[in-house]
Amino acid sequence: MKGNETAEKLVIIGSGPAGLTAAIYGCRADLNPLVFMGTKYGGQLMLTSEVENFPGFPDPVLGPDLISRMKAQAERLGARMVQDDVVAVNFKSYPFEIQTASGITKALSVIIATGANPRRLDLQSEMRLMGKGVSNCAVCDAFFFRGKKVAVVGGGDTAMEEATFLTKFASSVQVIHRRNELRASAALKNEAMANQKISFLWDSSVTEVLGDGKVRGVKVKNLKTGKEDELELDGVFVAIGYDPNTEIFRGQVDLDPKGYVAVRNGTESSVPGVFVAGDVHDFRYRQAITAAADGCKALIDAEKFVKQKLETTPAN
Ligand code: NAP
């Protein structure tokens, strides 16, 4: 192995709760982490309004505030933050190579924490009312819809889980799906269909979210008849899937058929020394707190890897 003396011990790619927690733990483990935050740093929390379920915050904290606190904590401990996008990686050479607009960085270990983006309906009104009645996360926001009428858009597992979860708070949940058949697995589908509070609007798509300052309903179009209707609602949960941010890793680590990084033994990718944390592999839990926990686990695994590399590699 050559070039160890110029390689970073640890490069973290991503700056949501997974990446920033890995950075905090990485400083304490003396790995002197370098974090490529991305130009649009912070991940999904930057688009979240009040967070009420992150332990340690008895009063609600705004998503961007939570991120800036995590970042400040990592910086205080010595993490180096660079607001660059990683444009390519080479995990076939060692030390690994990470390319940004500023050049190539070599690293003995890498944590991939680039997250995932919820798919959008691509409506201007959806973005305008995001956080004002439009949400991508029932677990985060259902609480604000106690006794209210809400809709869930989508027909997959996430949509069924969100619809069922929402019935704990909302008075009614209307699932709006573009076909007349659900994509969701039998168990989640049956559970949702048996729930008295959930009704289904088939063959329909949302063409506009209505409201001025907060959601008051949606315009829906029947895709078979072309007929348009308006539904009165207090909230709209868009649950039409997620796209993991893995394009730059294609061909470098194994991805699953949906494009998430394939993980074994908790945080290991298919390449020894490249670890994975947060929504970039975890399509199941997708919470800030689970991503943060993942960042901690990935760091502990990366620390062991680096220690072993440094012990077993003779000085050049
Ligand atoms: P998904 O399986 O890709 O389903 C997305 C749903 O949204 C589909 O019903 C799709 O309609 C609809 N959709 C997509 N784009 C749309 C658009 N532009 N407008 C309207 N509707 C649109 O995504 P997911 O439900 O998030 O699940 C992702 C993965 O995670 C899956 O593998 C799933 O099994 C897994 N997951 C598992 C669990 C669990 O096991 N507890 C929970 C959540 C997720 P079509 O059906 O017409 O394509």
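Student: Asp84 is buried, so what about a salt bridge, and how far away is the nearest side chain of opposite charge?
Tutor: Asp84 is buried but has no salt bridge. The nearest side chain of opposite charge belongs to Arg80, 12 Å away. Keep in mind that this is a predicted model.

Student: Where does Asp84 lie?
Tutor: Asp84 sits in a loop. Strand S5 (80-82) is on one side and strand S6 (86-90) is on the other.

Student: Which side chain makes a polar contact with the side chain of Asp84?
Tutor: That is Ser102. The two side chains are 2.7 Å apart at this contact.

Student: Back to Arg80. Which residue forms a salt bridge with Arg80?
Tutor: Glu8 does. The closest N and O atoms of Arg80 and Glu8 are 2.5 Å apart. This pair links distant parts of the chain, 72 residues apart. Arg80 is in strand S5, and Glu8 is in the segment before strand S1 (11-13).

Student: Why does charge matter for pairing at all?
Tutor: Side chains of opposite charge can pair when their charged atoms come close.

Student: Is Glu8 buried or exposed?
Tutor: Glu8 is buried, because its relative accessible area is 17% and the cut-off for buried is under 20%. Arg80 counts as partly exposed, at 30% relative accessibility.

Student: How many salt bridges does a search of the whole structure find?
Tutor: Nine.

Student: New topic. Which residues form a negative surface patch?
Tutor: Glu228, Glu230, Glu232 and Asp234. Take Glu232 as an example. Glu232 lies in strand S17 (residues 228-232). Glu232 is exposed, because its relative accessible area is 63% and exposed means over 50%.

Student: What about helix H5? How many of its 10 residues are buried?
Tutor: Seven, so H5 (residues 157-166) is largely enclosed by the rest of the structure.

Student: Which residues of H5 are buried?
Tutor: They are Thr158, Ala159, Met160, Glu162, Ala163, Thr164 and Leu166.

Student: And Asp157? Where is Asp157 found?
Tutor: Asp157 is in helix H5. Asp157 counts as partly exposed, with 36% relative accessibility. The C-alpha atoms of Asp157 and Gly241 are separated by 9.0 Å, although these residues are 84 residues apart along the chain.

Student: Next, Ser269. Where does Ser269 lie?
Tutor: Ser269 is in the loop between strand S19 (242-244) and strand S20 (274-276). Ser269 counts as buried, at 4% relative accessibility.

Student: Which backbone oxygen does the side chain of Ser269 reach?
Tutor: That of Val274, at 2.7 Å. A polar atom of the Ser269 side chain also lies 3.1 Å from the backbone nitrogen of Val271.

Student: Now the backbone. Which residues does a cis peptide bond join?
Tutor: Tyr94 and Pro95, with omega about 0 degrees. Pro95 is in the loop between S6 and strand S7 (96-100). Most peptide bonds are trans.

Student: What is the phi of Asp30?
Tutor: Positive, about 65 degrees, although Asp30 is not a glycine. Most residues other than glycine have a negative phi. Asp30 lies in the loop between helix H1 (17-28) and strand S2 (34-36). Asp30 counts as exposed, at 59% relative accessibility.

Student: And what is the phi of Asp122?
Tutor: Asp122 has a positive phi of about 65 degrees, and it is not a glycine. Asp122 is in the loop between strand S10 (116-118) and helix H3 (124-128). Asp122 is exposed, with a relative accessible area of 70%.

Terms used
Residues numbered from 1 in each chain as written. Predicted model: local features only at pLDDT ≥ 70, side-chain atom pairs only at ≥ 80, totals over all residues. Heavy atoms only, no water. Patch = residues over 30% accessible without salt bridge, like charges linked within 9 Å, V, L, I, M, F, W, Y side chains within 5 Å. Areas by Shrake-Rupley, 256 points an atom, 1.4 Å probe, with all protein chains shown as cover. Salt bridge = Lys/Arg side-chain N within 4 Å of Asp/Glu carboxyl O. Lys, Arg positive; Asp, Glu negative; His and termini not counted. Charge placed at Lys NZ, Arg CZ, Asp CG, Glu CD. Helix = DSSP H or I, 4+ residues; strand = E, 2+ residues; numbered from the N terminus. Buried < 20%, exposed > 50% of the residue type's maximum accessible area, 1.4 Å probe, protein only. Polar contact = N/O pair within 3.5 Å; in protein donor to acceptor, adjacent residues only side chain to side chain.
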